[in-house]
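Reader: I am new to reading protein models. Can we go through this one step by step?

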Amino acid sequence: MLALLKKKETYIHYLETLKYALYVITHPLDGFWDLTHEKRGSIAAANTIVILTLITRVAKLQFTSFLFLQVYWEGINIFLYIASVLLPLALFCVGNWGLTTLFDGKGRMSQIYMGTAYALTPYPLIQIPMIILSNVVTKEEGAFYVFAGSLSIIWAAMLIISAMMQIHEYTLSKTLFFLVASLFAMLVIVFILLLFFSMISQGIAYFVSIAKEIMFRM
Amino acid sequence: MKQRVKRVFALLLGIFIVSGTCMEVKADDGMEVGYTYNYDYWYDVQYSPDAYKVAGVYTAVELGLDKRFNSAEGLYVRDNMLYLCDTGNNRIILIERTDTDQFHVKQVVEEFKGNTDVKTFSSPTDICVTPDGFYFICDKGNHRILKLDSEWNYVMEFLKPNDSTLDQAADFLPDKLEVDDVGRVFCIADNVNKGMIKYEADGTFSGFYGASEVKYDWTDYVWKKLATKAQRSAMESFVPTEYDNLYRDAEGFIFACTTNVRGADLDSGADKPIRRLNMLGKNILIENGNFYIIGDLSWDNAGGYKGPSLITDITALDSGIYFALDKVRGHIFGYDEQGNLLYAFGGSGNMDGYFRLPTALEHMGNDLIVLDSQDASFTVFTPTEYGNLFYKAMAEYDAGDYLASGATWEQVKVLNGNSDMAYIGIGRALMRQGKYEEAMEYFRLKWDTTHYSKAFKQYRKAWVEEHIGWIFLVVFLIFILPMIVGRIKKIKYEIDTAQIFKD
């Protein structure tokens, strides 16, 4: 591992794969095919994009002009806020993989993660300049800011669709169907997790109360 | 050892006594009591110093009357005279104010003279006095509006309009009225939901005024389509809201309020409990504040009170500031012309400054008078130093004296650091003086995006003008210079690789 980090080629490969994100977002169908099949993407670059997205989301709260985003700081929990991105991302990857493996999906979990992460690229790419822009425009000139904000989301959504299409080698309609199905899969996972934790805590409470009872009797 | 312990105790005791006597004594500005409050940008309650304090509470005992007020409903003020409709006792009481807290009964009217059969009142609910001395009285129990002259002689009466749109079998129950400068009468009658009844000065009915538009959404429409006939008739029908009270302000516009509201519709802005109607009956109330003009913004169901504020009366000062009275929790809300909440105060209870069932609100100068029908009393409020500073600052700003207005708002800020109005007032004064950067800071602190944008636009303009040289330099360095370098390189490359020089 350490030897790998010392080699210069590692960094060159990392930067190349990261730069490839810019190609992917402008040529989604071709780009996502090569991303996995030609190994032109890397998990390291995907992690970088996810972290950039998280930083952008937090920075947006702090640095966007209050004309466009009024933050009630008393109501913000930074960990929950970060989890609000990471948790759905993780659930989506697991849920989508779990479903598509059953229905001829060609993608592996790492590929699904990589594709989804690369599809998030427009978010930091557009939002960071918009944070700066928001501080030099007035409220009346803010239409462009609002437009760019929704553009970044729509663009990312379209990229996710094409990513899933190319990774699983699905048709468009099948992709859309399994995206919706993935959402339900995510809900099921959340439900089972809640059930699991609730059961565990009940079980622990049972043994704790037995132990207490024994201690009282002694 | 014992000696030592004793000494330590003596020392401690001394410290306690000294610190106790030296404790800072703060003036009671009402901050601790939580009587007066306002809502900040996030709809959170922020307590403020008292804007109004009670000058006196007056019952029949203080006024020297034989009977206590019985569910009194109507109140009217002209100059320093107070006209009170003692509804349950079928009488009208004229009270003169000689000093801030001096009220004396001038006359108790139980009957009048003139050419009519019934010369007494029956449940008079409202009275209006014109500048030329005529009395207009809603004689509800006798189903008429009376016009009497200043000597209490019968002049004429306004009866139920002979109009096909009104159910002729039902009784005419005039409840509240106002009279304009030429003697036209605007009347709110019970069980009439087409708006106010408007009479010409000669007593003829001239139509309905200010009916609120009927509202329904498409879900209601779909439900009605699907429902059976029996279900449809059981559903509530879409009728315009009835008004509860009205007030004619100094500019001649009519403030109207209604208690026919629903919490969800208030939050969404669909229900307008307070309206200011122009001559066509259209609502022209300005709502430029952070929230809708609905009284309390959040209502918990504690203490036996539930649901939204029910605005039962309105009064407007000559400066355009208006006050609304909530009969549920006994709160009084003061708004400025732009619809910003200045302060809210009051409450339910038996103490001075609290009400049991407030029914009418009037003003005498800047003083407020609230009639409490269940407590059989009226309460007089006078503005405190804090309240007067608000009026002063706003008057100065309206007069164009921005410097003085800013200074007054500074004083308000000293008394109440939470006051949004103070910060925005200071900011606006600074903006008028061209100090845009400082103004922006004040607006930013109170989330005033509109004013901030205005100040920022000017600030940005000045900044660009000042730094135009640098801006051009940066543009040159980033865009133009690389272009020129690229062009030169290209020419050089072409010269280097050109065939003619190769040979």
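Reader: Which share of the contacts in chain A with a separation of 6 or more comes from residues 24 or more positions apart?

Author: This is a predicted model. Contact here means heavy atoms within 4.5 Å. Take the contacts in chain A with a separation of 6 or more; the share from residues 24 or more positions apart is 76%.

Reader: How many helices and strands are there in chain A?

Author: Read the elements from the N terminus on. They run α-α-α-α-α-α-α-α-α. The count for chain A is zero strands and nine helices.

Reader: Is chain A spread out or compact?

Author: The globule rule gives 17 Å for 218 residues. The radius of gyration of chain A is 22 Å, well over that value, so chain A is more spread out than a compact globule.

Reader: What percentage of the residues in chain A is buried?

Author: Buried means under 20% relative accessible area. Chain A has 218 residues. The buried part of them is 38%.

Reader: How much of the accessible surface of chain A belongs to carbon and sulfur atoms?

Author: Start from the total. The accessible surface of chain A is about 13300 Å². Carbon and sulfur atoms hold 76%.

Reader: How far apart are the mean positions of the positive and negative charges of chain A?

Author: Chain A has 14 positive and 11 negative charges. Each set has a mean position.

How values were computed: Residues numbered from 1 in each chain as written. Chains lettered and ligands numbered in written order. Predicted model: local features only at pLDDT ≥ 70, side-chain atom pairs only at ≥ 80, totals over all residues. Heavy atoms only, no water. Helix = DSSP H or I, 4+ residues; strand = E, 2+ residues; numbered from the N terminus. Rg over C-alpha atoms; globule rule 2.2 N^0.38 Å. Buried < 20%, exposed > 50% of the residue type's maximum accessible area, 1.4 Å probe, protein only. Areas by Shrake-Rupley, 256 points an atom, 1.4 Å probe, with all protein chains shown as cover. Lys, Arg positive; Asp, Glu negative; His and termini not counted. Charge placed at Lys NZ, Arg CZ, Asp CG, Glu CD.
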